Amino acid sequence: MSPVLEISDLSVVYRTESGDVRAVQRVDLSLEPGEVVGLAGESGSGKSTLAYGACRLLRPPALVTSGSVRYQGHRSAGPVDIMRMNAHDLHKLRWRDISIVFQSAMNALNPVLRVRDQLLDVIHAHLRLSREEAAEKAATLLDLVGIPRSRLRSYPHELSGGMRQRVMIAMALAADPEIVIMDEPTTALDVVVQRDILAQIVELKQTLGFAILFITHDLSLLLELADRIAIMYAGQLLEVGAAEEIKREPAHPYTRGLLNSFPSLRGPRRELTGIPGSPPDLRYPPPGCPFVPRCGFAIPACTEVDMTLARVPGQPDARHVTACPIVSLSSTEEVAS
Amino acid sequence: MSEDLRSAAADRGPLAMEATGLGKDFKLGRGAILHAVRDVSLGLYRGAVVALVGESGSGKSTVARLLAGQERPTTGTITLDGTPIDVRSNRAFRQYKGSVQLVFQDPFASLNPVHTVGHHLARAVRLHQGRGVHVREQVIGLLEQVRLTPAAQFLPKYPHELSGGQRQRVSFARALAAQPAVLLADEPVSMLDVSIRLEMLNLLDDLCKRLALALLYITHDIASARYFADEVLVMYAGQIVERGPAEEITQQPAHPYTQLLVASAPDPDNLGSTLRAGSGAARPGAGGPAAEGCPFSTRCPLADDKCRVDNPALQQLTPMRAAACWRLSIAAPALAGDSV
Amino acid sequence: MSAVLNVWRRLPPKAKVGTVLLGLFVLAAIIGPEVAPYDPSFQNPSPSLSMQAPSAAHLLGTTQSGQDVLSQLLVGIRLTLELALYVGVIAGFLSVVVGVTAAFLGGVWDEFLSLMTNVVLVIPQLPLLILLFGFLPQKGQLPTIVVLSATSWPWGARVIRAQSLTIRNRDFIAASRESGEKTWRIIASEMIPNEVSLIAANFVNTVLYAIGASVALAFIGLADLNSWSLGTMLYWAQSQQALQLGAWWWFLPPGIAVAIIGTSLVLLNTGIDELGNPRLRVSRTARRIEGHRVWGTDPTPVLAELAATRGRVGAFLHSFSRNSLLDETPAGGELR
């Protein structure tokens, strides 16, 4: 089965007065139909830039400097390259094929419009329905996400945080898309509400069959939710693999560091340290692996590696790849830092 | 607080602050009253971390504001080193600030964008340590305490030039300038990336032990509370529903709400357990807290008629644990059997 | 000094024009009266010198009573600008005090101050000014300044109050209190520095209003007619029928001066707006990327597509740009 979205060699820069900020560098990532791919990284790692850039939603001074993004939906005739599309076709692509659930619902929802009007707005922008059909569709969408129909008449500030996020999800599903990009949808929410929303998302995915690109800085969510996970740092992918594999046998030291950052509720109470230091300045990206200054295992070869993702040796799944040169050394060797 | 119930934090140091029977009501329009906080009692001990865990709307931030002196309680008392606090006048409030400091949640909003880091800290030092003190030295000392080094480089920086984690450290430093006895941290790491939360919590823990601070850690993440708190108090709809040592509460939660919180926390060791199997024990919060009886009765799978009519009080289970529930014999049979 | 240069560079072109123009007039105001060739009030009785068109002796001609128009203009600019400046400062100060206090104290104080603001705001200003002037014995500069200041502060007070309310609710103000700052210090040192661009814009607006109002008042005779301001020049020109007699050199210079000063203030204000709120700058204008104009609503440009549409001249020019050397991707470097 061919991937529904295939990002190849994508690079995005921000042209600022003080130079080009290389926000995304030569990223390859693909998404199969119905799959959940998680994109994990710290703030400033470029994960949002990657997702929005792939849809050409970034504003100036952003510029895509290389790469292609092939989209093949079951409704479209053949594959299309989003990077070569004109504005008209992009508009048709947006929401009907690819939609987005934005991060902060309170900022993304219009505070002076009722929920019903915002849903109708989305429906009319992308679908040809009569007034009655559109009204019924809006009500059905709320049913889909578990919000009582009476809330159609509410304003965003009258809803709780969890409900607002559900409205955002309902809006994203209005045109029955193939791919839903979720940009930190649960970050501002409590643990309990977060869990409900995630369960809802899983249920919807199973019913409607869309693929999800889930962006977050919270790797623990992805370990439970995603089929595959891509770890991003300083604009580059460091590791990609199935969620179970990443959890069991993380290949890249950064991934291992991230996994060690979560205080867990079960199991013994361990001493955790997190990852000291901070990401590099993206105007002057360092040569080789960007994680070197914070990596406890770096060797001189790390500054010369070309960052292509290579298969992790000794792993059954050929799709578990990483850019770290150290893993190609035998695992029994001690690496002096 | 019941005479027999001991706090898990009491072993760490002397009692710095105690709240007894705190209550706060807010008047909404048309005669309605919001009971934001109801009958909350807790003790903060030097060198110990007490965690207050609850979802948004549980009243935990209101408790923080009451303890910080920003609001006056409707009922109950707060004592600092044994004497009841007085924050009625502006001057009394400022003096109180020399002992009790509150750190805010949002690192992006709690620093003034037009002032440098050096200015923020210098003001704090001058306010609390008076004149005649070498301000620059003190400021550098504070920055080093929160591990923002090299300190001199950070002095001329503006908030927008710092990352979220760095800004939060500056906020901590500002609170420490007052050399307080009590530090109230209202969700100090919720708005930071998970990969740096641990560093910040380790820093808070270190400061707490080194400076013998009495730390109140308010959060909605019970896993982080387990990680570094001594005692955990779980709040729901303005009331404390369970309290006890952090390890015991999180490993063997007694109250159904605590059990929900523990079940909802992501569990990297048990992939997809709750998510894929369907939601956990309690129903999502479709109904708000109940107005009568136990507030959790609208969501509790064990609720019966008594729960809907009578609001249970905290019932002691072990010398250091208590929970407020009528159905403990079902929710936590092992503990309920030992109860007094 | 470098800070000033920095600010200069960031100003949009309109504001630069405005600043330069205003600067010229400020210069004229400072040195004008010293370099005026004649005493503006000196009336030359000789009829041959009355209502003379511009000549070598009188660069802007003479008035009906033989006074030199250029000298009057130079003195007039100073008087007008001085008056407007005083009004700007006094009314600006009142706006800030009332607006910030109302926002910060809230409650009864806010109600009271807002009521006062609204009452003064609603009173029609020009008729009030005419009325007040009718009653005042003196008609010199001072009454004008006082009356204009007293009637032009409410608008600014409202705007500043609104801005202060948003700032007051922000965490860093609460954090200041937590640090133990006193109220007046919070207002002066934490709130007001965040409103500087609003206060500056308000000041410029008030100055603009004061110029217009003072000229209008003088034109209808409600000013000290013995002093020379741009407004009184116009009064005398009008009362001596300069328009009918075709003596354009008498009324055009002061009129154009007022117009240019007003325009320069407006242009300057746009610069202050954009300096204070960088987000305005980005969203209002299209950005130039790779020689193409890209609006905020366009899809993210793709380098390969942009280069393809560049054309031969564009490609040639692009080859001189720094960016063409930095592009590593083949698509960007290829010239078609």
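**Where the chains meet**

Guide: Let's begin with a contact that takes 15 residues from chain C and 19 residues from chain A (residues are in contact if their C-beta atoms, placed from the backbone, lie within 7 Å). This is a predicted model, in which local features need pLDDT of at least 70 and side-chain atom pairs count only at 80 or more, while totals for chains, interfaces and linings use all residues. Residues are numbered from 1 along each chain as its sequence is written, with chains lettered from A and ligands numbered from 1 in the order in which they are written.

On the side of chain C that touches chain A, strand 1 (287-289), helix 13 (303-308) and helix 16 (330-333) of chain C each give two or more residues (helices, H or I, have at least four residues and strands, E, at least two, as DSSP runs numbered from the N terminus). That side of chain C holds eight nonpolar, four polar and three charged residues (Ala, Val, Leu, Ile, Met, Phe, Trp, Tyr, Cys and Pro are nonpolar; Asp, Glu, Lys and Arg are charged; the others, Gly among them, are polar).

Chain A also touches chain B, with 35 residues from chain B and 37 residues from chain A. Helix 7 (194-210), helix 8 (222-228), helix 9 (246-251), helix 10 (256-264) and helix 11 (273-277) of chain B each give two or more residues to the side that touches chain A. By class, that side of chain B has 15 nonpolar, 11 polar and nine charged residues.

Of the 340 residues of chain B, 51% are buried (20 or more other C-beta atoms within 10 Å; 12 or fewer is exposed, in between is partly exposed, and C-beta atoms are placed from the backbone). Among the contacts in chain B with a separation of 6 or more, 63% join residues 24 or more positions apart.

With 17 other C-beta atoms within 10 Å, Thr116(B) is partly exposed. Beyond its neighbours within four places in sequence, Thr116(B) is in contact with Leu155(B), Pro156(B), Lys157(B) and Tyr158(B). Glu137(B) is 21 residues from Thr116(B) in sequence and 16 Å away in space, C-alpha to C-alpha.

Notes: Two residues are in contact if their C-beta atoms, placed from the backbone, lie within 7 Å.
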